[in-house]
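The stops below are given in the order in which to select them.

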Amino acid sequence: MKRFEYKVNGETFFSTTQVADVADILQTAYKGKAIGKDPDEHGFRLNVADSNQSFVSGEKVDLEKFNIFRAFPDDGAPFAKE
């Protein structure tokens, strides 16, 4: 089975699918200690390294095209604040 490698905040993770849901990437990064807050409770954005491209939960990302990310809190997300 092919695995697709990606990095979040310098930590390496793997996906069994080429196109991954950003919410799954963020949840994996949280469980792997790459981000300190639960992305289901706090909004996060994935910025692609050396690019203006970014993704949020609900979007999908092709891990063959983009696979090095920095995760940042996204205060603009409707679920981030009441």
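This is a predicted model: local features need pLDDT of at least 70, side-chain atom pairs count only at pLDDT 80 or more; totals for chains, interfaces and linings use all residues.

**Stop 1: Q27**

Select Q27, which sits in helix 1, residues 22–31. Is Q27 buried or exposed? With a relative accessible area of 15%, Q27 is buried, because the cut-off for that class is under 20%. Now show what surrounds the residue. Apart from neighbours within four places in sequence, the contacts of Q27 are D38, P39 and D40.

**The salt bridges**

How many salt bridges does the model contain? The count is 3. The next stops take them one by one.

**Stop 2: K2 and E64**

Select K2 and E64 and display their side chains. They form a salt bridge, with an N to O distance of 3.7 Å. This pair joins distant parts of the chain, 62 residues apart. K2 belongs to the segment before strand 1 (4–8), while E64 lies in the loop between strand 6 (60–62) and strand 7 (68–73). Colour the two by accessibility: K2 is exposed at 53%, and E64 is partly exposed at 46%.

**Stop 3: D21 and K60**

Move to D21 and K60. Here the closest N and O atoms of the salt bridge are 3.6 Å apart. The partners again come from distant parts of the chain: D21 is in strand 3 (residues 19–21) and K60 is in strand 6, 39 residues apart. K60, in contrast, has a relative accessible area of 53% and is exposed, as the class begins over 50%.

**Stop 4: R45 and D74**

Finish with R45 and D74. Their side chains meet in a salt bridge at 3.2 Å, N to O. Where do the two residues lie? R45 is in strand 4 (residues 44–48), and D74 is in the segment after strand 7. D74 is buried, with a relative accessible area of 14%. R45 has 28% relative accessibility and is therefore partly exposed, since this value lies between the 20% and 50% limits.

To review the stops, keep Q27 selected together with D38, P39 and D40, its contacts beyond the neighbours within four places in sequence.

Note on methods
Residues are numbered from 1 along each chain as its sequence is written. Side-chain values use heavy atoms; hydrogens and water are left out. Helices (H or I, at least four residues) and strands (E, at least two) are DSSP runs, numbered from the N terminus. Buried means under 20% relative accessible area, exposed over 50%, partly exposed in between (1.4 Å probe, protein chains only). Contact means heavy atoms within 4.5 Å. A salt bridge is a side-chain nitrogen of Lys or Arg within 4 Å of a carboxyl oxygen of Asp or Glu.
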